[in-house]
Amino acid sequence: MNYKKSNFLIRKVHSLLAIIPMGLFIILHITLNSSVFYGGITAYKTVINVMQNIPLITEAEIIIIAIPIIFHAIYGLWIVYLAKNNVLTYTYYRNWAFYLQRITAVITLIYLLFHVAILRFLNHDASVIISVLNRTLQNPLFFILYVIGVLSAIYHFTNGIFSFLISWGVIVNDKSQKVLQYIVLLLFVLLGGLSVGILGKITYF
Amino acid sequence: MENRHIKLKIKRQDSPDSLPWWEEFCIPYKPNMNIVSVLMEIRKNPVNSKGEKTNPVVWECNCLEEVCGACSMLINGIPKQACASLIDKIYEKTGFEKKIVLEPLKKFPVIRDLTIDRHSMFDNLKRIKAWVSVDGSFAIGRGPRFAEREQKWAYVISRCMTCGCCQEACPNVNPKSNFIGPSAIAQVRLFNTHPIGAMHKEIRLNALMSNGGIQECGNAQNCRKVCPKEIPLTTHIAALNRDTVKYSIWRWFSE
């Protein structure tokens, strides 16, 4: 049995990396951004400054964020290509979730490229980042695009938790799969609501 | 009642290599018919709805009680057993005299008309060794007993008739991917639970973790919804995800 040639490990790692560290990073990111509700622009600026001054932040960004995301994105696009979606024939929720997982994957990737290019590479100073974001979001078109990008990322993450727990064999029977389905949907609503709230708050700084 | 009709639209194909085409039929309605009996009416009098003489539609059937899996086809787009698809039940959903569309399953090579070649599924069963090995050169005595608690749910898996409905509905089973599909995965659960079958558990897990194995499942869970034998395929896939993850860690550190 020549199991060394199998993509079993790569698939499992692909799933795991999306939770640790990427999922944890999304939670941290949203939590830090929610500082806009507790002290507005000043608190937000402080948070960005603190983040930028964490020791070894560049190395951490590369190892914990960039490499896992690039791997997940490239291998993920291959997985998107492999599926032959059939949501119009089989209209069950899980089949839609499977399809949405692939659509949000592509939207999130495009969104992330712009997000990182503009707010990480082109601008690095806290007050510049805030003013660029504030001005961009005041344009209704960009606000909607931003909301779509953020909600896609959160749907992909929360639905990904469901797939991760099943593909790693943590959740097995029907009852736990059903409960988990509701938990991840609730998590999507909570994180999504919070993120849209943050975007709204930044728009009206 | 006498002048009511069953209207059918059937996707036809003369040979594995020729192009498919559509033909419509109109059969006098009788109560309590199923798709197989309607196809038999066409065979008795192979005339299409335009009144032209045609070749009778070819299909496969066997048991006529939803246990053999031979008569799988797409009935109004959904994979089902023709024998268990009652015309009156279909009309309850769609309305009387609505055209019924019959197509061969799309994930398998067509042999002719509605007859398909389900060979790939039998090859999958060979790949995962879906049997209990008892052959030897001398009597090895009685095997261990199958606990009743496990018999109860394992029996449900043994109802699988390799009909192909789950393969048909799975978005990850397609010509681009080499995914083994839900049916064979459930059989691994059955034979790895069987006390004698469990003696070759690792061979089946290894097969399931090779290229195109269980890792290709994307959790669309259509398989579970379309299974005519109501096998909880998604539970068995999840359970084997656990077994294969555990086994892969064990294999890494201890083998």
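Me: What makes the pair Glu216(B) and Arg11(A) a salt bridge?

Reply: In this predicted model, the closest N and O atoms of Glu216(B) and Arg11(A) are 2.6 Å apart, and because a salt bridge is defined as a side-chain nitrogen of Lys or Arg within 4 Å of a carboxyl oxygen of Asp or Glu, the pair qualifies as one. The count between chain B and chain A is two salt bridges. Local features need pLDDT of at least 70 and side-chain atom pairs count only at pLDDT 80 or more, while totals for chains, interfaces and linings use all residues. Residues are numbered from 1 along each chain as its sequence is written, chains are lettered from A in the order in which they are written, and side-chain values use heavy atoms, with hydrogens and water left out.

Me: How do you know how much area chain B and chain A bury between them?

Reply: Buried area is the accessible area (1.4 Å probe) that two parts lose on being put together, summed over both, and for chain B and chain A this comes to about 3200 Å², with 54% of it on carbon and sulfur atoms. On the side of chain B, Lys176(B), Gln215(B) and Asn219(B) lose the most area to chain A, together 18% of what that side buries.

Me: Why is Ile118(A) called partly exposed?

Reply: Ile118(A), which lies in helix 4 of chain A, has 34% relative accessibility; because buried means under 20% relative accessible area and exposed over 50%, with partly exposed in between (1.4 Å probe, protein chains only), Ile118(A) counts as partly exposed.

Conventions
Helices (H or I, at least four residues) and strands (E, at least two) are DSSP runs, numbered from the N terminus.
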